[in-house]
Amino acid sequence: MTTERDDHDDFDDGQPEAGAGRLRIDKWLWFGRFFKTRSLAAKVCNGGVVRCSGSLVTKAHHAVKPGDVLTFPQGRHIRVVKVLALGSRRGPAEEARALYEDLSPPAAETAMDVPSRPQSAGRPSKRDRRALERLKAEE
């Protein structure tokens, strides 16, 4: 005796299949470990700063597919990544790196990236002073 569920191969248990057609952009960014939580990924997507293949994304439910190019800010850098696979879970970093190809150029460290001392930190130590002198000598 067969049940109705056995007759249908397209039974959806709510989990995306690896290699399925489309996936929500916030979920994919979280699976790819670009953001620590899915709600942070959704907040960035809803903020209107993410682009998918050149078009602006304003909703976290926007669907991505393999071949799409995503552009979004992450910290002080702009990331450009190409979606290679969709993934089925938020796995380890090696699994996450297999989901995308990084197209953004390597970020050169600028003077703005060097941490600065707060004004109220008091007198710099000998170590801080020498580091500052080395930085000034490089310029």
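Me: How many salt bridges are there, and what is the rule for one?
Reply: The count comes to 6 salt bridges. The rule asks for a side-chain nitrogen of Lys or Arg within 4 Å of a carboxyl oxygen of Asp or Glu. This is a predicted model, where local features need pLDDT of at least 70 and side-chain atom pairs count only at pLDDT 80 or more, while totals for chains, interfaces and linings use all residues. Residues are numbered from 1 along each chain as its sequence is written, and side-chain values use heavy atoms, with hydrogens and water left out.

Me: Why can such side chains pair at all?
Reply: Side chains of opposite charge can pair when their charged atoms come close.

Me: Okay, which residue does Asp68 pair with?
Reply: Asp68 forms a salt bridge with Lys65, at 3.2 Å from N to O.

Me: Is Asp68 buried or exposed?
Reply: Asp68 is buried, with a relative accessible area of 6%. Buried means under 20%, exposed means over 50%, and partly exposed is in between, using a 1.4 Å probe and protein chains only.

Me: How far apart in helix α5 are Glu133 and Arg129?
Reply: They are 4 residues apart in that helix, so about one helical turn separates them. Their side chains meet in a salt bridge of 3.4 Å, N to O. Glu133 has a relative accessible area of 44%, which means partly exposed, and Arg129 is partly exposed too, at 39%.

Me: Which residues are joined into one network?
Reply: Arg24, Asp26 and Arg38 are, through salt bridges that share partners.

Me: Back to helix α5. Where does it run, and what is a helix here?
Reply: Helix α5 covers residues 126–138. Helices (H or I, at least four residues) and strands (E, at least two) are DSSP runs, numbered from the N terminus. Arg127 is found in α5 and counts as exposed, at 71% relative accessibility.

Me: Which residues gather with Arg127 in a patch of positive charge?
Reply: Lys126, Arg130 and Arg134 gather with Arg127 in that patch on the surface. Patches are made of residues with over 30% relative accessible area and no salt bridge, with like charges joined within 9 Å and nonpolar side chains (Val, Leu, Ile, Met, Phe, Trp, Tyr) within 5 Å.

Me: New topic: how many disulfides?
Reply: The count comes to 0 disulfides, a disulfide being a pair of cysteine sulfur atoms within 2.5 Å. For Cys45, the nearest cysteine sulfur is that of Cys52, 9.8 Å away. Cys45 is buried, with a relative accessible area of 0%, and Cys52 counts as buried at 5%.

Me: What about Arg33, what is its phi?
Reply: Arg33 has a positive phi of about 60° although it is not a glycine. Arg33 is found in the loop between α2 (25–31) and α3 (38–46) and is partly exposed, at 40%.

Me: And where does Ser53 lie?
Reply: Ser53 lies in the loop between β2 (50–52) and β3 (55–57). Ser53 also has a positive phi, about 50°, although it is not a glycine. With a relative accessible area of 48%, Ser53 is partly exposed.

Me: Last one: how far apart are the C-alpha atoms of Val49 and Pro73?
Reply: They are separated by 7.3 Å, while the two residues are 24 residues apart along the chain. Val49 lies in the loop between α3 and β2 and counts as partly exposed, at 43%.

How values were computed. Accessible areas come from the Shrake-Rupley method with a 1.4 Å probe; for residues, only the protein chains shown count as cover. Lys and Arg count as positive and Asp and Glu as negative; His and the chain ends are not counted. The place of a charge is taken as NZ of Lys, CZ of Arg, CG of Asp or CD of Glu.
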